Amino acid sequence: SGILHNTAMHCECVGRQGNRFHFVLDEARSTLYDVSHQQRLADVLTDYFTETISVQIALGKITGETPAMIAERERQARQLEAEAAIEQDPIVQQLKTQMGAGIRPGSI
């Protein structure tokens, strides 16, 4: 939770060698990063995998997707689906046709 969660959400896992994980933290998100996050993230992963894990976090450019990017992409996809469902709703279409109603952008 907190700053560690924010750090992890903006990291890309770029490799794993046995029990050593290598991450790149988006340099644009590095202002709150502290090297102690490596050990704290290793502790969380150790608890998850129930074996000793080590973590290396380097600052750099993200070439793939971070968990935060994935979450945002999925949020945008759900938003587009919701907007399409409203636009296709027969009652909404009837209101638009008969009363000149419209959907306010960003209200869905």
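The structure is a predicted model, in which local features need pLDDT of at least 70 and side-chain atom pairs count only at pLDDT 80 or more, while totals for chains, interfaces and linings use all residues. Residues are numbered from 1 along each chain as its sequence is written, and side-chain values use heavy atoms, with hydrogens and water left out. Helices (H or I, at least four residues) and strands (E, at least two) are DSSP runs, numbered from the N terminus.

**The sheet**

- Three strands form an open sheet of 3 strands in the order β1-β2-β3, with mixed pairing, where two strands count as paired if DSSP finds at least two bridges between them.
- The edges of this sheet are β1 (11–17) and β3 (54–60), each of which pairs on one side only, and neighbouring strands are turned by 25° against each other on average, direction ignored.
- Angles such as this one run from 0 to 180 degrees between N-to-C directions, and the axes are lines fitted to C-alpha atoms, for helices over the stretch in contact.
- Strands β2 and β3, by contrast, run parallel and are joined by 7 bridges, with Asp26 standing opposite Gly60 in β3.

**Cover on the sheet**

- Strand β2 is mostly covered, since 6 of its 7 residues are buried, where buried means under 20% relative accessible area, exposed means over 50%, and partly exposed lies in between (1.4 Å probe, protein chains only).
- Helix α2 (residues 36–49) lies across β2 and β3 and runs at about 135° to β3, with contact meaning heavy atoms within 4.5 Å.

**Salt bridges**

- A search of the whole structure finds 4 salt bridges, each defined as a side-chain nitrogen of Lys or Arg within 4 Å of a carboxyl oxygen of Asp or Glu.
- One of them joins Glu27 and Lys61, whose closest N and O atoms are 3.2 Å apart; Glu27 lies in the loop between β2 and α2 and Lys61 in the loop between β3 and α3 (67–88), so the pair ties together parts that are 34 residues apart in sequence.
- Within this pair, Glu27 is partly exposed at a relative accessible area of 40%, whereas Lys61 is exposed at 65%.
- Another joins Glu65 and Arg73, with the closest N and O atoms 2.8 Å apart; Glu65 is partly exposed at 37% relative accessible area, and Arg73 is partly exposed at 43%.
- A further salt bridge links Lys96 with Glu87, the closest N and O atoms being 2.6 Å apart; Lys96 is partly exposed with a relative accessible area of 31%, and Glu87 is partly exposed with 33%.

**A nonpolar surface patch**

- Ile91, Leu95 and Met99 make a nonpolar surface patch of about 330 Å², and accessible areas come from the Shrake-Rupley method with a 1.4 Å probe, where for residues only the protein chains shown count as cover.
- Patches are made of residues with over 30% relative accessible area and no salt bridge, like charges being joined within 9 Å and nonpolar side chains (Val, Leu, Ile, Met, Phe, Trp, Tyr) within 5 Å.
- Ile91 is placed in helix α4 (residues 90–99) and is exposed, with a relative accessible area of 56%.
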